[in-house]
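Please read them with the sequence and the structure open beside you.

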Amino acid sequence: MKLQNKTVTLKEVVVRNNLNVQAFIERIKNDTTFYKAFRNLKVLGYTSLNDIRMFDKKDRVTASLYSRTRQYVNDGCRYTQVLEEQTTGDIYDKDHQFNYYTAGMYAGLFFAADTVCGETNIVGDAAFSTRGKSGLAKHKEQLKMLFFNPGKKIPGIPFIGNKVAIFDDEVAERYDFTIDMDAFKGEMCYVFTCKPRDGLSGGEKDKIVVNDMTTWFKIDTWEIVARNYDLSYNAGVYDFDVSMEVELTKLGNYLVPKVLRYNGNWDVVMKKRERCVFTATLFDFSKSE
């Protein structure tokens, strides 16, 4: 079916379930719950198993970190305690700062090296803004937007423009959308898949950033259960090829990530190419310590 210039394929089981397709697409298009799940990590305590591995071009591990950490939250402040850690190679520099762009982004998501106060889990315009940030801080914020709010326009990343805004009409015409129903770890879910259309011209293929994005939603609440996505782009001055798998869980009313798997290859101008695989496993969530 065609819906607002979008080609949407409904599997038979979805047709029988009388899904309101337009409402479903609008819900996905405007969804902030996935990004909010990561924002919720700023206000909750949790334990994290962290496995980061850096590779050379021959797929040999050149640096790694394995650790178990605990984030404590109290009176609007949070800090991270390292309970166990093993490292290899040059994962840290002489000042015990991460030597790698990707590892630094990971740390920005899951570690609070010093006590951080006054943060919230509110998702608003400011949550997607690079305003007031520059240099590395700005780039890290853009990467977070790209990874944790896929499908939305990212301001300030040169050459991509709105190419990731897959629900905008001029971008959506290059994609096929499919709605199905399937079980995810025993729970029946709606499954929404976005992939590039077959038969795209070479020029159109050059505008593709989202190679695959699949999201599982609870049938009764439409909450996101999991999302897998594959992003790549070559802008000349930088290129990336990233795949991620995220599983979510609940602590009361808080939706939070419980497993994040990342496999990425980045090359940024003036930076050394980075090949990284990491897995974050989060558990023992609490509202305060």
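**Notes on the predicted model**

1. Met54 is placed in strand 3 (residues 45–55), where helices (H or I, at least four residues) and strands (E, at least two) are DSSP runs numbered from the N terminus. Met54 is buried because its relative accessible area is 1%; buried means under 20% relative accessible area, exposed over 50%, and partly exposed in between, with a 1.4 Å probe and protein chains only. Not counting residues up to four places away in sequence, Met54 touches Arg60, Val61, Thr62, Ala63, Ile91, Tyr100, Glu274, Arg275 and Cys276, contact being defined as heavy atoms within 4.5 Å. Between Met54 and Asn265, which are 211 residues apart along the chain, the C-alpha separation is 10.0 Å.

2. On the basis of the model: this is a predicted model, in which local features need pLDDT of at least 70 and side-chain atom pairs count only at pLDDT 80 or more, while totals for chains, interfaces and linings use all residues. Residues are numbered from 1 along each chain as its sequence is written, and side-chain values use heavy atoms, with hydrogens and water left out.

3. For the chain as a whole, the secondary structure comes to seven helices and 13 strands, and 45% of the 289 residues of the protein chain count as buried. Of the contacts in the protein chain with a separation of 6 or more, 54% are accounted for by residues 24 or more positions apart. The protein chain exposes about 14,300 Å², of which carbon and sulfur atoms supply 47%; accessible areas come from the Shrake-Rupley method with a 1.4 Å probe, and for residues only the protein chains shown count as cover.

4. Leaving aside neighbours within four places in sequence, Ile224 is in contact with Asp31, Thr33, Phe34, Thr215, Trp216, Phe217, Leu248 and Leu255.

5. How many disulfides does the structure hold? The structure holds one disulfide, a term used here for a pair of cysteine sulfur atoms within 2.5 Å. Cys77 is joined to Cys117, with an S to S distance of 1.9 Å, and the link is right-handed, with 110° about the S-S bond. This pair links distant parts of the chain, since Cys77 is in strand 5 and Cys117 in strand 6, 40 residues apart. Cys117 counts as partly exposed, because its relative accessibility is 45%. Two further cysteines are buried, Cys194 with a relative accessible area of 0% and Cys276 with 1%; Cys276 is also among the residues that Met54 touches.

6. Side chains of opposite charge can pair when their charged atoms come close. The structure holds 12 salt bridges, each a side-chain nitrogen of Lys or Arg within 4 Å of a carboxyl oxygen of Asp or Glu. Glu119 forms one with Arg78, the closest N and O atoms being 2.5 Å apart. Here too distant parts of the chain are linked, with Glu119 in the loop between strand 6 (116–117) and helix 5 (135–148) and Arg78 in strand 5 (residues 77–89), 41 residues apart. Arg78 is buried at 5% relative accessibility, whereas Glu119, at 27%, counts as partly exposed.

7. Asp239 and Arg273 also meet through their side chains in a salt bridge (3.0 Å, N to O). Because Asp239 lies in strand 11 (residues 238–251) and Arg273 in the loop between strand 12 (254–268) and strand 13 (274–286), the pair ties together parts that are 34 residues apart in sequence. Asp239 is buried, with a relative accessible area of 15%, and Arg273 counts as partly exposed at 29%.

8. A further salt bridge brings together the side chains of Asp56 and Arg60 (2.8 Å, N to O). Asp56 counts as buried at 19% relative accessibility, whereas Arg60, at 48%, counts as partly exposed; Arg60 is also among the contacts of Met54. Finally, a network of salt bridges links Lys185, Glu245, Glu247 and Arg261.
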